[in-house]
Amino acid sequence: MVHHPPHYTAHPAGIEAIDVIRHATNYNLGTALKYIWRVMWGGKGNDVEDISKAVWYLQDWLNQTQQVTRATYLHDEPA
């Protein structure tokens, strides 16, 4: 149950979220995908909680992206 529980392998193709996440370039986006994956393919039955977690990770990614964008913009302004 630890390595391949049924809710991890419920996708019709038999692939697991971890196989997709390993190819993700960002932790927050990959983690959000994990929670969305659970809901889409028969997760643990806590759909609202899992989507709430996905939203949290997506919002954190967005906040970080906006901070980097603002910092880059401020740094690149002509003196």
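Helix H2 is followed by Gly42, whose phi is positive, near 75°; helices here are DSSP runs of H or I with at least four residues, strands are runs of E with at least two, and both are numbered from the N terminus. The model is a predicted one, in which local features need pLDDT of at least 70 and side-chain atom pairs count only at pLDDT 80 or more, whereas totals for chains, interfaces and linings use all residues. Residues are numbered from 1 along each chain as its sequence is written, and side-chain values use heavy atoms, with hydrogens and water left out.

The protein chain contains 3 helices and 0 strands, and its pattern, read along the sequence, is α-α-α. Of its 79 residues, 20% count as buried, a class that is defined by a relative accessible area under 20%, with exposed meaning over 50% and partly exposed in between (1.4 Å probe, protein chains only). Among the contacts (heavy atoms within 4.5 Å) between residues at least 6 apart in sequence, 42% join residues at least 24 apart. In the segment before helix H1 (17–21) lies Pro5, which counts as buried at 3% relative accessibility; the C-alpha atoms of Pro5 and Glu16, 11 residues apart along the chain, are separated by 9.9 Å.

For H2 itself, the 14 residues should span 20 Å at 1.5 Å a residue, and the end C-alpha atoms are 20 Å apart, which agrees; the expected span is taken as 1.5 Å times one less than the number of residues. At the N-terminal end, Asn26 caps H2 through a side-chain oxygen that lies 2.8 Å from the backbone nitrogen of Asn28. The buried residues of this helix are Asn28, Gly30, Thr31, Ala32, Tyr35, Trp37 and Arg38.

The structure holds 3 aromatic pairs, where rings of Phe, Tyr and Trp (its six-membered ring) pair if their centres lie within 6.5 Å, and planes under 30 degrees apart count as stacked, over 60 as edge-to-face and the rest as tilted. One of them, formed by Tyr27 and Tyr57, is edge-to-face, at 6.2 Å centre to centre with 75° between the planes; this pair links distant parts of the chain, with Tyr27 in helix H2 (residues 27–40) and Tyr57 in helix H3 (residues 47–76), 30 residues apart. Tyr27 is exposed, with a relative accessible area of 61%, whereas Tyr57 counts as buried at 18% relative accessibility. Tyr27, Tyr35, Trp56 and Tyr57 form one aromatic cluster.

Salt bridges, defined by a side-chain nitrogen of Lys or Arg within 4 Å of a carboxyl oxygen of Asp or Glu, number 2. Lys53 is partly exposed, with a relative accessible area of 30%, as is Glu49, with 42%.

Conventions:
Polar contact = N/O pair within 3.5 Å; in protein donor to acceptor, adjacent residues only side chain to side chain.
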